[in-house]
Amino acid sequence: MTIQARSSKKRKQHGQDEASDTFNEAVNLEMLSDEEDKEDVESDNGEVDEFPEIDAGSEESGEEDETYKSEEDTGASGEGSSSGSQEQLHIFPEVKTIVSDITGQEKRVYPEIEPDYDSDSSTEDTPNRVGDIPMHWYDDLPHVGYDMDGKRVLKPARGDELDRFLKTVEDPNSWTSAFDKKAQADKPLTAEELDIIRRLYANENPDADYDPYEPLTEWFTGPGKEEIMPLTAAPEPKRRWIPSKWEHKKVMKIVRAIRQGRILPNRTKNTSQPPFYAIWGDSSSSNAPPLPAPKPTLPTNSESYNPPEEYLPTEEDKKQWEETDPEDREHDYLPQKYSALRLVPGYERFIKDRFNRQLDLYMAPRVQRVKLNIDPNSLIPKLPSPSSLKPFPTYKSLKVVHTHIARCISVSPDGAWVVSGDEGGVVRLWEVNVGREVKKWKFDGKIGSIEWCPRTDVSYFVVGTDDMLHFLIPPNLPASILQLTQSILAPSTLPPAPETPSPVKWSTPSSNTWTDETAVLTIHLPPSSGLPTQITWHRRGDYLASVSIGGSQGAVWIHQVSRRHSQAPFKKVRGKVQMVLFHPMKPCFFVATQQYVRMYNLSEQKLLKTLQPGIKWISSMDVHPSGDHLIVGGYDRKLCWFDLELSDKPYKVLRYHTRAIRSLHFHPTYPLFASSSDDGAIQIFHSRVYNDLMTDPLIVPLKILRGHEITKGLGVLQVKWCSRHPWLVSGGADGAVNVWCS
């Protein structure tokens, strides 16, 4: 046993020496590249290594070898190997044993896995391990998934749109990246991916190696490539050579139909018939017969070769016939008289008459059109009867006469008093019920506009003359109303001056000089402003706006009575301002130029919308008490109704006047509005507006009032409603101010 062990030991040592020599030879080998010539490698010259012989006693000595190895290992360990070598051989991480804070028992804690470059996990790009799930589940969470250790992967900061834009400007290669949903970041694309995207955009094949024009491989064409054997060796089915029972039934069904006459064979077409036919000939029985051809007119006595003497024209008739155009002549010929038929010459208009006859036959209708018997009155929409829409003004109750043109009128808020002004500078205050004149004022120049303050606790009105606005208090007021009115117009303590000075000046005379003839307060507009053509109040009675015919800023000024301050709302206005209005419910301001109506928000100081009435020159407008509708009139006789919630274009256009429209006014309480024109007429309309937005407004013409005379081409210049009654006050160019009652 000892000799065998030693011999096996020697064989093993000899084998290890041979292996070491072989390894040294292998280390000296050179790794050739694909480009190098393979023929340079030295061959083995055909020599073959001998296969080692099998030793029969190797199996018996295997156990001895193992024993020998174990002894050597034991001896090596007994010689005092260090603990460091054991740690190098230990490939698994050490386990730490700690006490749990929750259960109080010992538990094992493994260290975190730190993959090296030789680890398989180091080649993975994304640390997110959530898998194929919808990523929108993490939209409201600060993290986007979990990594390999189960820790949260936080979302990276992406920045706003400005940062992304700056990134595209600074980095020229930013467009070559794509957004990764799992990593929540932009990942750069490879050159291969960019090439695929470019090919898809160019409608090309995404595979770069694909050749659409490669030569066809002919598998079964050519000598020696013919297909001799069939593709399948299945036997022929029986249905291939037995007649079908179902086809036999279908054929017999068609045969029975032919025999019974339900199916007719195709007849041969007769081509002997000419392709042309007579238009007015006999028609087929399938179509309706055509209309008969128009018959030529029969000759009259004047066309005879020997007409009576009364048909022969005179020299004046011949001259007039020759001077008249051929289209306007009563006859196309002149009657002539011959003593015998043989003396009649050839008909010179023969060809023209034949041509006209053929033209009549060609243009004559061949089908009789059935006329629809429709009553024109049925096409008119059914409107309610005016008698069911009462009350509305129907007659003239009284008349107040001015010596000049009564251009402006205004009715008090309680509807009991009317103030009217004319171009002679006279302002009259009179009662509506009886027409009794209470007071008269005289000013220098024309009266451009008059308007009552809408407040009911005070009583005063404003009169506009050249470059000035006068605040007048009517006489015979109660003491409480008079005292409150005077304290508002002329307070004992004036409000502080505004920070921005205004060119408009406010002046109040001393209280010792106050009389019924003088104005308590006067507003001096900038010089060259001109005559104020309109004055309109805000519904609360503290603000009023004035429009003048000249001046800058479009001659529009907004005045505040409590602060005694005036300001121009516009620095620059496109076009000439015709009228302005305050919205009855909202802080909005309507401005009408020659062709457009603009709606502004005063609190936000911005333009809300621009209405396009399609009128060449706007003359007047008024807003509905609800604030949702607006009517606009123009000098081109159009009256446009606007639904402010519907569109910028007019909802309805009315044309009832024959001349220019001068004034429009909605009744504050009744569903009525009136329009006046230079034709001397006043149109009264019923205008009912519903709370339901799906229901259109009901507009019904009720009455035409005529009582003003047209003077110098002008008719009714202004109309105003009484607030508490369906009464109308109108002022005309004839100097008359009429009151129309129901």
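Asp195 is partly exposed, with 25% relative accessible area; here buried means under 20% relative accessible area, exposed over 50% and partly exposed in between, computed with a 1.4 Å probe on protein chains only. The model is predicted, so local features need pLDDT of at least 70 and side-chain atom pairs count only at pLDDT 80 or more, while totals for chains, interfaces and linings use all residues. Residues are numbered from 1 along each chain as its sequence is written, and side-chain values use heavy atoms, with hydrogens and water left out.

Asp195 has a salt-bridge partner in Arg198, at 3.2 Å from N to O. A salt bridge is a side-chain nitrogen of Lys or Arg within 4 Å of a carboxyl oxygen of Asp or Glu. Both Asp195 and Arg198 belong to helix α5 (residues 191-201), where three residues, about one turn of the helix, separate them. Helices (H or I, at least four residues) and strands (E, at least two) are DSSP runs, numbered from the N terminus. Arg198 is also partly exposed, with a relative accessible area of 44%.

By the salt-bridge rule the count comes to 17. Arg436, partly exposed at 48% relative accessibility, pairs with Glu431 at 3.7 Å, N to O. Another salt bridge joins Glu517 to Lys439, with 2.4 Å between the closest N and O atoms. This pair links distant parts of the chain, 78 residues apart: Glu517 sits in the loop between β15 (505-507) and β16, and Lys439 in strand β11 (residues 437-442). Lys439 is buried, with a relative accessible area of 15%, whereas Glu517 is partly exposed at 44%. Through shared partners, salt bridges also join Asp195, Arg198, Arg199 and Glu204 into one network.

The chain as a whole has ten helices and 35 strands. Of its 742 residues, 30% are buried. A contact means heavy atoms within 4.5 Å. Among contacts between residues at least 6 apart in sequence, 47% join residues at least 24 apart.

In soluble globular proteins, nonpolar side chains tend to be buried together. A nonpolar core is a set of buried Ala, Val, Leu, Ile, Met, Phe, Trp, Tyr and Cys residues joined through side-chain atoms within 4.5 Å. The largest such core has 21 residues, and Tyr460, Phe471, Leu489, Trp537 and Val561 have the most contacts inside it. At least two residues each come from β14 (468-472), α10 (479-489), β16 (521-524) and β17 (532-537). Leaving aside residues up to four places away in sequence, Trp537 touches several residues, including Tyr460, Phe471, Val561 and Phe582. Apart from this core lies another, of 17 residues, among them Leu581, Ile615, Val623 and Cys640.

The second largest pocket has a volume of about 1300 Å³. On a 1 Å grid over the protein atoms alone, a pocket is an open set of points where a 1.4 Å probe fits, with protein on both sides within 12 Å along at least five of seven lines; lining residues have an atom within 4 Å of a point. Grid points are joined across faces, edges and corners, and the volume is the space filled by probe spheres set on them. The lining has 33 residues, with Glu303, Tyr333, Tyr347, Arg349 and Asp353 the closest to the pocket centre. Two or more lining residues come from each of α7 (315-323) and α8 (350-363), and α8 gives the most, with seven. The lining divides into 14 nonpolar, seven polar and twelve charged residues. Here Ala, Val, Leu, Ile, Met, Phe, Trp, Tyr, Cys and Pro count as nonpolar, Asp, Glu, Lys and Arg as charged, and the others, Gly among them, as polar.
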